[in-house]
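Have a look at the picture before reading on.

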Amino acid sequence: MSAPHAVHKSWALHDRAVEVIPLATQTHSKAPREELREVEPCYLARGQGCRVFDVDGNEYIDFRNALGPITLGYRFPDVDDAVRRQLDSGIVFSYPHPLEVEVAERLVEIIPCAESVRFLKTGGEAMAASHRLARAFTGRDLLLTCGYHGWLNTMSRPGVPEAIRSVYSDLPWGDPAPFVEAFERQPDGIAAVSVACSYADLEQGREFLPALRSITQRYGALLIYDEIVTGFRLRRGGAQEYFGVIPDLAVFAKGVSNGMPLSCYLGRRDIMQRVEDVVISSTFGGDALSLAAAAATIEVYEREDVIGTLWARGRQLHEGFTVLCERFGAPARFEGVSPLGQLCFDPPELFLRFNAELLRRGVIPYQVCYPSFSHAEADIDEALAAMSEALAAMREDGLFD
Ligand SMILES: Cc1ncc(COP(=O)(O)O)c(C=O)c1O
């Protein structure tokens with residue numbers, strides 16, 4: 001980049017925003033970092049393929065991908081055309097739209113546990129719906145959770161009554177022992193185990209998920225997968241397809257509609273049928289624009305080797321970064337599998353400086369660097385060249401040797 005990197009307009013907007021929007025954003029992970037005031041683009045104006053452009057006119061190769069939902073790329077023609085076509089006949093209606101049936105049928109074909117499907121807007125609310133169904137179906141209150149399931153299901157923060165907090169227990173990924181102990185303590189009390197894969201230790205799922213499957217079955221509890229990130233990324237059918245361990249219920253969201261807001265809770269028909277008396281209902285649940293985006297996204301996954309590309313580009317990034325870390329003696333690495341690898345620095349504070357150096361050079365990294373179908377090999381090479389310069393600058397400053 002020839003002109004020096006400047007983000008004045010971004011931060012001017014940010015300073016206006018904090019007067020009227022707490023945290024200046026609706027999404028905690030999008031909050032700009034004060035330490036990066038000179039370099040972080042707080043506001044993005046548009047995207048194209050694997051690139052985004054901020055309000056100051058800077059261009060970046062983006063590995064945040066809107067925090068996961070952009071699996072095909074920004075402004076992916078098939079998806080955007082489908083949304084435009086649907087807009088010509090309406091957004092949301094007084095009775096269901098046929099797309100509800102079409103997309104549900106496609107998901108039943110693709111996702112191993114899916115016999116029935118329903119739609120909402122956000123991942124967190126669909127997880128809450130699956131928890132409600134599990135409690136109604138089993139007649140039990142307790143939930144064992146593992147991983148982040150959205151703000152609605154985050155019980156450790158202020159604002160949650162103790163009575164509600166007391167029917168959740170959050171346990172770590174990877175070791176079935178604490179789950180076994182919880183079931184031994186309350187053999188008839190636990191409605192479900194609700195689990196999101198840990199990205200850095202994803203492969204532990206090979207033993208961990210079968211163990212959860214068998215213990216839930218033994219105690220008459222349900223197994224729920226949060227496939228909000230793993231769905232349409234690890235495999236189309238998510239972790240359940242990848243590991244071959246099938247839950248009773250699951251939630252898919254981010255990757256299913258390439259950025260349009262859609263979440264799907266799905267699973268065994270007998271459990272899903274309980275929505276009738278549980279009452280899970282939302283005005284915008286079946287909006288036709290998001291469903292048109294989902295239908296088009298699913299078609300692209302069918303036609304093109306999207307999953308293979310996410311793995312290949314992720315692998316190129318991981319292998320290239322490993323070589324750079326060896327060359328510069330950088331205490332960093334990618335952990336986990338390549339479509340959703342976790343970028344780890346030791347000590348973790350170095351990651352902030354790495355962000356600064358990369359943003360300056362036109363790359364947006366993230367803790368989980370998401371490749372999209374629109375990242376070409378040349379884009380990854382360009383990002384690696386920026387990473388090489390970033391690590392060189394950090395070493396020059398004596399941050400490692
Ligand atoms: C694994 C996982 N579950 C749930 C959620 C919550 O989804 P949403 O933000 O759409 O409510 C997220 C969001 O980042 C997530 O990564």
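## Before you start

This is a predicted model, so local features need pLDDT of at least 70 and side-chain atom pairs count only at pLDDT 80 or more, while totals for chains, interfaces and linings use all residues. Residues are numbered from 1 along each chain as its sequence is written, and side-chain values use heavy atoms, with hydrogens and water left out.

## Around the ligand

Let's begin with the ligand, which sits in the largest pocket. A pocket here is an open set of points on a 1 Å grid over the protein atoms alone, where a 1.4 Å probe fits and protein lies on both sides within 12 Å along at least five of seven lines. To "sit" there, a molecule needs more than half of its atoms within 2 Å of the grid points.

Its surroundings are T122, G123, G124, Y148, H149, G150, Y199, D226, I228, V229 and K254, where a residue is near if one of its heavy atoms lies within 4 Å. By class, that shell has four nonpolar, five polar and two charged residues; Ala, Val, Leu, Ile, Met, Phe, Trp, Tyr, Cys and Pro count as nonpolar, Asp, Glu, Lys and Arg as charged, and the others, Gly among them, as polar.

Now for the polar contacts (pairs of N or O atoms within 3.5 Å). A polar side-chain atom of D226 is 2.6 Å from a ligand nitrogen. The protein covers 75% of the 390 Å² of accessible area that the ligand has on its own, by the Shrake-Rupley method with a 1.4 Å probe.

Strands (DSSP E runs of at least two residues) and helices (H or I runs of at least four) are numbered from the N terminus. Four strands make an open sheet, ordered β1-β2-β3-β13, with mixed pairing. β1 (44–48) and β13 (363–364) are at the edges with a single partner strand each, so one side of each has no neighbour in the sheet.

Strands pair if DSSP finds at least two bridges between them. β1 and β2 (residues 51–54) run antiparallel, joined by four bridges, and G47 stands opposite V52. β3 (residues 59–62) pairs with β13 in parallel over two bridges, with I61 partnered by V363.

Most residues other than glycine have a negative phi, and most peptide bonds are trans. A24 has a positive phi of about 65° without being a glycine. The bond joining D346 and P347 is cis, with omega about 5°.

Key: Polar contact = N/O pair within 3.5 Å; in protein donor to acceptor, adjacent residues only side chain to side chain. 1 Å grid on protein atoms, 1.4 Å probe; cavity = no way out; pocket = protein on both sides within 12 Å on 5 of 7 lines; lining within 4 Å.
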